[in-house]
Amino acid sequence: MATGVIKSGICGFTITVKASSEGDEHVKLEITSDCPNFQKIAPELTEVDAYQEMFHKLHTGKVYEVFAKYSPHPSCPGLSGILKTIEVASGLALQQTASITISKE
């Protein structure tokens with residue numbers, strides 16, 4: 001199982017993604033969040049095919065489709081956090097912390 005905890009930024013919401021796979025491309029997801037948009041996303045995004053998500057054209061996978069349906073914020077890091085967690089659970093990537101640091105001068 002892989003777990004991703006995404007702190008979305010100025011909105012203050014946190015998204016937790018638990019992803020599990022039995023060694024193949026099928027990944028089961030459990031998404032919890034205090035974000036009302038991700039509370040709508042969670043019931044529709046319970047299982048994905050990791051290969052479909054990672055190796056198809058950008059914005060054509062199920063994760064993008066469901067995200068676009070419910071989230072008005074295309075820059076939300078929750079989207080990439082879900083995809084990174086799917087990669088690790090399916091064995092397509094190694095576990096590693098990712099971050100975005102933004103500053104204004």
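A cavity, on a 1 Å grid over the protein atoms alone, is a set of points where a 1.4 Å probe fits but cannot get out, and its lining residues have an atom within 4 Å of a point. Hello everyone, let's begin with that one. In this structure, Gln52, Glu53, His56, Lys57, His59, Thr60, Gly61 and Tyr64 line the largest cavity.

Some ground rules before we go on. This is a predicted model, where local features need pLDDT of at least 70, side-chain atom pairs count only at pLDDT 80 or more, and totals for chains, interfaces and linings use all residues. Residues are numbered from 1 along each chain as its sequence is written, and side-chain values use heavy atoms, with hydrogens and water left out.

Back to our cavity. How many cavities of 30 Å³ or more does a search of the whole structure find? The search finds one. The volume of the largest cavity is about 30 Å³; a volume here is the space filled by probe spheres set on the points, with grid points joined across faces, edges and corners. By class, its lining has one nonpolar, five polar and two charged residues. For the classes, Ala, Val, Leu, Ile, Met, Phe, Trp, Tyr, Cys and Pro count as nonpolar, Asp, Glu, Lys and Arg as charged, and the others, Gly among them, as polar.

One of those lining residues is His59, so please find it on the screen. His59 sits in the loop between helix 2 (50-55) and helix 3 (62-70). Helices (H or I, at least four residues) and strands (E, at least two) are DSSP runs, numbered from the N terminus. His59 has a positive phi of about 75 degrees although it is not a glycine. As a general point, most residues other than glycine have a negative phi. Is His59 buried or exposed? At 57% relative accessibility, His59 counts as exposed. The cut-offs are under 20% relative accessible area for buried, over 50% for exposed and partly exposed in between, with a 1.4 Å probe and protein chains only.

Now for the helices. In helix 1 (residues 36-44), the buried residues are Asn37, Phe38, Ile41 and Ala42. Seen down the helix axis, these buried residues fall within an arc of 135 degrees, so they line one face of helix 1. That arc is taken over the directions from the helix axis to the C-beta atoms. What do the buried residues of helix 1 pack against? Their partners are strand 2 (14-21), strand 3 (26-33), helix 3 and helix 4 (77-90), where contact means heavy atoms within 4.5 Å.

Helix 3 has Val63, Tyr64, Val66 and Phe67 as its buried residues. These pack against helix 1, strand 4 (47-49), helix 2 and helix 4.

Next, two serines. Ser33 belongs to strand 3 and is buried, with a relative accessible area of 17%. A polar atom of the Ser33 side chain lies 2.8 Å from the backbone oxygen of Thr14, and a polar atom of that side chain lies 2.9 Å from the backbone nitrogen of Cys35. A polar contact is a pair of N or O atoms within 3.5 Å; within protein, one must be able to donate a hydrogen and the other to accept it, and residues adjacent in sequence count only if both atoms are side-chain atoms. Leaving aside residues up to four places away in sequence, Ser33 touches Thr14, Ile15, Phe38 and Gln39.

Ser71 is in the loop between helix 3 and helix 4, and at 12% relative accessible area it is buried. Its side chain reaches the backbone nitrogen of His73 at 3.3 Å.

On to the pockets. A pocket is an open set of grid points with protein on both sides within 12 Å along at least five of seven lines. The largest pocket has a volume of about 740 Å³. Which of its 24 lining residues lie nearest its centre? They are Val5, Ile6, Gly81, Ala98 and Ser99. Strand 1 (2-7) and helix 4 each supply at least two residues of this lining. The lining divides into 10 nonpolar, 12 polar and two charged residues.

Gly81 lies in helix 4 and counts as buried at 12% relative accessibility. Ser99 lies in the segment after helix 4 and is exposed, with a relative accessible area of 66%.

Last stop, the second largest pocket, with about 200 Å³ of space. It is lined by 13 residues, and Ser8, Cys11, His73, Cys76 and Pro77 lie nearest its centre. Its lining has eight nonpolar, five polar and no charged residues.
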